[in-house]
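Please read this note with the sequence and the model open side by side. The points can be checked one at a time.

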Amino acid sequence: MKNKKNLAIASGIAIVVLAVGGYLFYQHQREVKAQNAREDVINKFASILNKQDFEDLSGILDKDSLKKIDFSADEVAEKYKNVYGGISASNVKINDLKFDKKNKDSFTYNLKMSTSLGQIKDLKYSGQVTVTDGKHAKINWTPSLIFPKMSGKDKVSISINQAERGTIYDRNNQPLAVNSTLYQLGVVPESLGEGEEKSKKIAEISSKYDIPVKNIESAIGQSWVQPQYFVPLKTYSVEPTDVPKGATITKVDGRYYPLKEAAAQLIGYVGQITKEDIDKNPALSSEGVIGRTGLEMTYDKELRGKDGGKISILDENGEEKEILIENKRENGQDFKLTIDSGVQETAFKTLDNSPGSSVVTEPKTGDLLALVSSPSFDPNKFATGISSEDYKKYSENEDLPFISRFATGYAPGSTFKTITGVIGLDNGTINPDEAIEIDGLKWQKDNSWGSYQVTRVQDHSPVDLKQAYMYSDNIYFAKAGLKMGEDKFRAGLNKFIFGEELDLPIAMNPAQISNGDKFDSEILFADTAYGQGQLLISPIEQATMYSIFPNNGTLVYPKLLLDAKTKTKPNVASEKSVAIINQDLQSVVKEPSAYGYPLDSLGYPLAAKTGTAEIKMKQDEKGKENSFLLVYDAQDQKYLVVTLFEGSKNGVTAISTANNLVSYLHDNIK
């Protein structure tokens with residue numbers, strides 16, 4: 001009897017335990033679902049704020065809480081639109097979400113966002129959710145969820161004191177990138193009329209301003225356009241005249257590039273700040289412009305400065321309750337370059353829209369007077385909003401107008417023979433007075449070269465160093481390189497700037513001698529000695545290396561900022577060897593049979609070396625020819641020029657077009 005009683009008690013206890021356990025498990029599961037619902041609704045809230053899809057708020061807000069504060073879901077959405085739109089809010093992030101351990105319907109989180117005055121961060125929020133059915137949650141909304149200290153009918157006020165972007169000047173204080181008043185052509189849809197009248201006015205605007213009708217119709221058909229709104233179509237630096245009916249001109253502030261195509265790759269251009277820009281740099285204001293290319297991009301932070309202004313909360317009487325962000329205006333920094341606008345424009349015109357580049361330096365100081373790349377593009381079109389047609393013309397141009405050819409590596413061709421010559425003179429393997437017998441227009445060291453032969457243009461023998469420069473003899477310099485040997489040749493080259501990053505605000509690969517640390521064949525070595533092979537040297541780097549000749553063997557590094565200090569590398573070559581080559585390069589200009597003789601007609605004391613680098617796949621085929629010219633002032637060393645014509649054709653070469661630029665330099669560089 002006693003055992004039966006104990007069993008009954010035990011069974012009862014087990015039932016109670018199971019019941020309690022089941023209840024606790026049920027409660028736990030219910031709480032897990034409730035907590036998931038709480039977190040889910042806050043995450044949806046964060047997503048809505050970030051995407052600014054405020055119409056979706058109605059699905060997550062508790063309607064009873066809205067009634068208590070006399071708001072409708074539509075009014076909440078409208079308030080967010082007004083506030084977020086007014087301050088240009090973007091990149092909204094909620095983090096550190098926590099629920100109260102005792103009252104799990106209470107939550108806190110931190111929020112940060114980008115605005116037109118920069119980033120607002122470390123805003124601390126608190127709120128309540130209502131959980132129904134144990135698995136659905138809604139937010140008990142109050143104005144304090146817009147900003148923590150907002151309540152009732154408070155408003156958000158913003159005032160902006162926009163910073164002025166810094167100006168980029170040339171050495172003579174001429175602007176290269178400047179803030180200017182621009183003229184925006186546009187239409188107000190209601191002034192176009194309807195039907196046939198509208199079509200006629202659009203056709204007149206299209207014809208006069210070269211804007212396709214479809215572009216005008218597309219512009220006025222955008223979702224944001226209202227009948228009374230001004231819709232921009234095109235921007236001009238000079239105010240258009242004889243404006244047809246239906247069109248309107250307004251003044252706007254913008255960035256202007258006076259040299260247009262002549263300095264586009266160097267100076268670059270600006271564009272409107274986008275969400276992607278803010279994602280990369282949340283400190284950016286959501287309004288304004290950012291440098292997209294060139295120096296505008298490199299020095300964007302310094303040029304942009306910082307907008308001043310204030311975002312604050314006002315009560316319904318207009319009294320200030322809290323300042324959310326306040327900045328003092330800091331105008332952008334100005335930059336003064338070594339560039340000479342006159343030289344830049346003249347050098348650009350000399351290229352006549354052919355693919356090529358000119359670099360002009362003041363060799364004693366390293367000042368870069370011109371950095372030109374052709375063909376080019378008008379940066380003003382990009383800064384004011386380029387049309388799809390104009391962009392297509394640039395992007396589909398096979399001559400690649402966006403490339404900065406002055407910073408692109410090329411085989412330098414025969415201008416590089418000046419470097420081979422000075423190295424050979426310094427290490428004693430070249431005797432300037434020794435004439436070498438060379439038979440015919442082709443040569444190879446021996447049968448181990450197979451079918452490969454070094455070629456030259458003029459059959460002249462014997463050949464000394466001066467004549468090798470006058471007639472640009474590839475065979476002479478191939479033999480000279482092999483004679484000195486790779487170790488001595490590379491030792492000489494390593495005194496220059498191969499492998500060095502130049503201290504310039506321009507993207508550029510270091511100059512290279514060859515793909516590997518050693519030449520993989522005698523043929524490659526021989527080709528390198530006369531300026532081909534695997535040499536890759538940008539026009540800027542070429543001008544830097546050739547600076548040893550106007551500077552008695554001292555290499556002067558290039559600089560682009562006028563107040564930068566001149567940096568030099570002394571004793572790259574001996575004064576004696578440099579003097580010999582300087583005399584030879586003057587003979588290249590003075591001797592009637594020499595390739596540089598066309599420059600003699602100018603009557604200036606010049607030293608020069610022409611060059612052609614041929615790019616071909618097979619030995620005996622005709623390849624693409626790049627034409628080079630090195631020319632410098634042999635008397636006062638006022639200027640040095642390296643010009644490249646890429647794919648030179650139809651008799652147009654670097655030397656055939658040089659006279660105007662050299663004359664300008666001789667007359668204007670003091």
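1. Conventions. This is a predicted model, in which local features need pLDDT of at least 70 and side-chain atom pairs count only at pLDDT 80 or more, while totals for chains, interfaces and linings use all residues. Residues are numbered from 1 along each chain as its sequence is written, and side-chain values use heavy atoms, with hydrogens and water left out.

2. The four-stranded sheet. An open sheet has the strand order E1-E2-E3-E4 with antiparallel pairing. Strands (E, at least two residues) and helices (H or I, at least four) are DSSP runs numbered from the N terminus, and two strands pair if DSSP finds at least two bridges between them. Strand E1 (90-99) and strand E4 (136-140) are the edges, each pairing on one side only. Neighbouring strands are turned by 35° against each other on average, direction ignored; the axes are lines fitted to C-alpha atoms, for helices over the stretch in contact, and angles run from 0 to 180 degrees between N-to-C directions. Inside the sheet, strand E2 (residues 106-115) and strand E3 (residues 118-132) pair antiparallel over nine bridges, and Ser106 has Gln128 in E3 as its bridge partner.

3. Asn110 and Ile94. Asn110 belongs to strand E2 and Ile94 to strand E1. Asn110 counts as buried because its relative accessibility is 17%, whereas Ile94, at 22%, counts as partly exposed. The cut-offs are under 20% relative accessible area for buried, over 50% for exposed, and partly exposed in between (1.4 Å probe, protein chains only). Leaving aside neighbours within four places in sequence, Asn110 is in contact (heavy atoms within 4.5 Å) with Lys93, Ile94, Asn95, Asp96, Leu123 and Lys124. With residues up to four places away again not counted, Ile94 touches Phe45, Ala46, Leu49, Tyr109, Asn110 and Leu111.

4. Strand E12 (residues 308-314) pairs with E13 in the antiparallel sense over six bridges, and Ser312 stands opposite Ile323 in E13.

5. Strand E23. How many of the six residues of strand E23 (residues 640-645) are buried? Six of the six are, so the strand is largely enclosed by the rest of the structure. Leu640, Val642 and Leu644 point one way, and Val641, Thr643 and Phe645 the other way. E23 runs antiparallel to strand E15 (residues 356-362), to which six bridges join it; Thr361 has Leu640 as its bridge partner. Six bridges also join E23 to strand E22 (residues 624-633), again antiparallel, with Val631 partnered by Val641. The hairpin of E22 and E23 has six residues between the strands, and Gln637 takes a positive phi near 55° there.

6. Helix H13 (residues 417-427) is mostly covered, with nine of its eleven residues buried; among them are Lys417, Thr418 and Ile419. Just after H13, Gly428 takes a positive phi of about 80°. Asn474 lies in helix H15 (residues 474-493) and is buried, because its relative accessible area is 16%. The side chains of Asn474 and Lys417 are joined by a polar contact of 2.7 Å. Such a contact is a pair of N or O atoms within 3.5 Å; within protein, one must be able to donate a hydrogen and the other to accept it, and residues adjacent in sequence count only if both atoms are side-chain atoms. Beyond four places in sequence, Asn474 is in contact with residues including Ser414, Val454 and Tyr530.

7. Aromatic rings. Rings of Phe, Tyr and Trp (its six-membered ring) pair if their centres lie within 6.5 Å; planes under 30 degrees apart count as stacked, over 60 as edge-to-face and the rest as tilted. The count comes to 27 aromatic pairs. One of them is the edge-to-face pair of Tyr476 and Phe477, at 5.1 Å centre to centre and 75° between the planes; both residues are buried. Tyr269, Phe377, Phe382, Tyr391, Tyr394 and Phe402 form one aromatic cluster.
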